Amino acid sequence: MREFELIVPCHFGMESILKKEITDLGYDITEVADGRVTFWGDEEALCRANIFLRAAERILIKIGSFHAETFEELFQGTRALPWEDYIPVDGRFWIAKAASVKSKLFSPSDIQSIMKKAMVERLKGIYKVNWFEECGDSFPLRVFLMKDEVTVGLDSTGESLHKRGYRKLAAQAPIAENLAAALIMLTPWNKDRILVDPFCGSGTFPIEAAMMAAGMAPGMNRHFTAESWPHIIGKHNWSDTLEEARELVDLNIDPDIQGYDIDDRMMAIARENAKLAGVDKLIHFQRRGIEQLSHPKKYGFLITNPPYGERLQDKEEMPALYRMIGQKFQELDSWSMYLISAYEQAEKDIGRKADKNRKLYNGMIKAYYYQFLGPKPPKRTVKAVQK
């Protein structure tokens, strides 16, 4: 079985969560950098990473790396890589994305064009052809340049891993599924604790939480580009991993996961998305505004993505909205609140400074994950059994 060095991009700020996920799958981390984690694994590891990792964006097979400060060095470094080990003579290959940070080469289009020419040059010599029809399977590549060091990865995933397959409809400013999952994993929440999202929109936070509670792998209901690469990854690895994922699912649970929104249309979308995800019976959705937020139980979690006031017409509504969030949270005895927002006055209007916050990006929007920590529930005492 082949060994690969696998590069796993993620949202900036979520590297620690992704690292723990990979470690929990049983693999050793080789590098953690801004926005990505790298580890060694075999064909099975590549399949398991695609299907099981919740915080990842995609799984790349590292083809190689080299130093390049000029386009000639980029061309020669690219041509020296063993492309024939991965791309067959009829393969369709291209640089899907090029990113450059603190490097002399910074034009994505030029980087993509020159690397494509170098790949063609090498493969022409290997396959003894002058023209590639590129009528076969797809082999998209991604390139990172950091301080003139070029890293090349073959994208085994295809559509980003945040696309689980359940969100056919979305809210106006949805949070990505993998970011939502990572933010939940940054909290102490587990399936035995209450979780409420009072601004649930299309249902992403409750659905991701329900999938975690049921042990449902995020990638078990979608396809991956590498499924059509039997010369790299045996088909049995995909079927074996899917069987492993299905065996772990337990829908015979009764978690307290709730999603509220003031918009009837959003509630209909959230319910449909939950049904597509297979967790609709594990979530209670209800049309309810933030001013109606209450819960009789203690030690629950608010995990939410409220409006940021990005649209000019909404900005004047933000102070009152965040004051209401603060008021309703204060009324929830012993709860914790985890709130992602780009609204700059969030803490001021909530009326409390967060115990922790973490800068991150929701799409292209700089935001903060405000963490208001409640007390831990008392440990359950086990009564001694009398003999």
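Two strands pair if DSSP finds at least two bridges between them. In this predicted model, seven strands form an open sheet with mixed pairing. The strand order is E10-E9-E8-E11-E12-E14-E13. Helices H6 and H10 pack on the sheet. The largest nonpolar core holds 123 residues.

**The sheet**

- Strand E10 (283–287) and strand E13 (356–362) stand at the edges. Each has a single partner strand, so one side of each is left without a neighbour in the sheet.
- From one strand to the next, the twist averages 20°.
- Strand E9 (residues 257–261) pairs with E10 in the parallel sense, over five bridges.
- Gln-258 stands opposite His-284 in E10.

**Helices on the sheet**

- Helix H6 (residues 204–213) touches strand E8 (195–197), E9, E10 and strand E11 (301–304). The direction of H6 makes about 170° with that of E9.
- H10 touches E11, E12 and strand E14 (365–372). The direction of H10 makes about 165° with that of E12.

**The nonpolar core**

- Val-152, Leu-183, Val-279 and Tyr-322 touch the most other members of the largest nonpolar core.
- H6 gives the most to this core, with seven residues.
- Leu-183 is in contact with Met-14, Ile-175, Phe-205, Ile-340, Leu-360 and Tyr-369, leaving aside its neighbours within four places in sequence.

**Aromatic pairs**

- The count comes to nine aromatic pairs, taking ring centres within 6.5 Å.
- One of them is Tyr-322 with Tyr-343. Their ring centres are 4.6 Å apart. Their planes stand at 40°, so the pair is tilted.
- This pair links distant parts of the chain, 21 residues apart. Tyr-322 is in helix H10 (residues 318–331). Tyr-343 is in the loop between strand E12 (336–341) and helix H11 (346–350).
- Tyr-322 is buried because its relative accessibility is 0%, under the 20% limit. Tyr-343, at 11%, also counts as buried.
- Tyr-368 and Tyr-370 form a tilted pair, 6.0 Å centre to centre with 35° between the planes.
- Tyr-368 counts as partly exposed, at 27% relative accessibility. Tyr-370 counts as buried, at 5%.
- Phe-301, Tyr-338 and Tyr-369 form one aromatic cluster. Tyr-369 is also among the contacts of Leu-183.

**Charges over rings**

- The charged end of Lys-116 sits over the ring of Phe-93. The distance to the ring centre is 3.9 Å.
- Arg-288 lies over the face of Tyr-260, 4.4 Å from the ring centre.

**Around Leu-74**

- Leu-74 is found in helix H3 (residues 71–79).
- Leu-74 is buried, with a relative accessible area of 0%.
- Not counting residues up to four places away in sequence, Leu-74 touches Phe-66, Ala-68, Leu-105, Ile-111, Ile-114, Met-115 and Val-150.
- Leu-74 and Pro-307 are 233 residues apart along the chain. Their C-alpha atoms are separated by 44 Å.

Conventions. Residues are numbered from 1 along each chain as its sequence is written. This is a predicted model: local features need pLDDT of at least 70, side-chain atom pairs count only at pLDDT 80 or more; totals for chains, interfaces and linings use all residues. Side-chain values use heavy atoms; hydrogens and water are left out. Rings of Phe, Tyr and Trp (its six-membered ring) pair if their centres lie within 6.5 Å; planes under 30 degrees apart count as stacked, over 60 as edge-to-face and the rest as tilted. Helices (H or I, at least four residues) and strands (E, at least two) are DSSP runs, numbered from the N terminus. Buried means under 20% relative accessible area, exposed over 50%, partly exposed in between (1.4 Å probe, protein chains only). A charge sits over a ring if NZ of Lys or CZ of Arg is within 6 Å of the ring centre and within 35 degrees of the ring normal. Axes are lines fitted to C-alpha atoms, for helices over the stretch in contact, and angles run from 0 to 180 degrees between N-to-C directions. Contact means heavy atoms within 4.5 Å. A nonpolar core is a set of buried Ala, Val, Leu, Ile, Met, Phe, Trp, Tyr and Cys residues joined through side-chain atoms within 4.5 Å.
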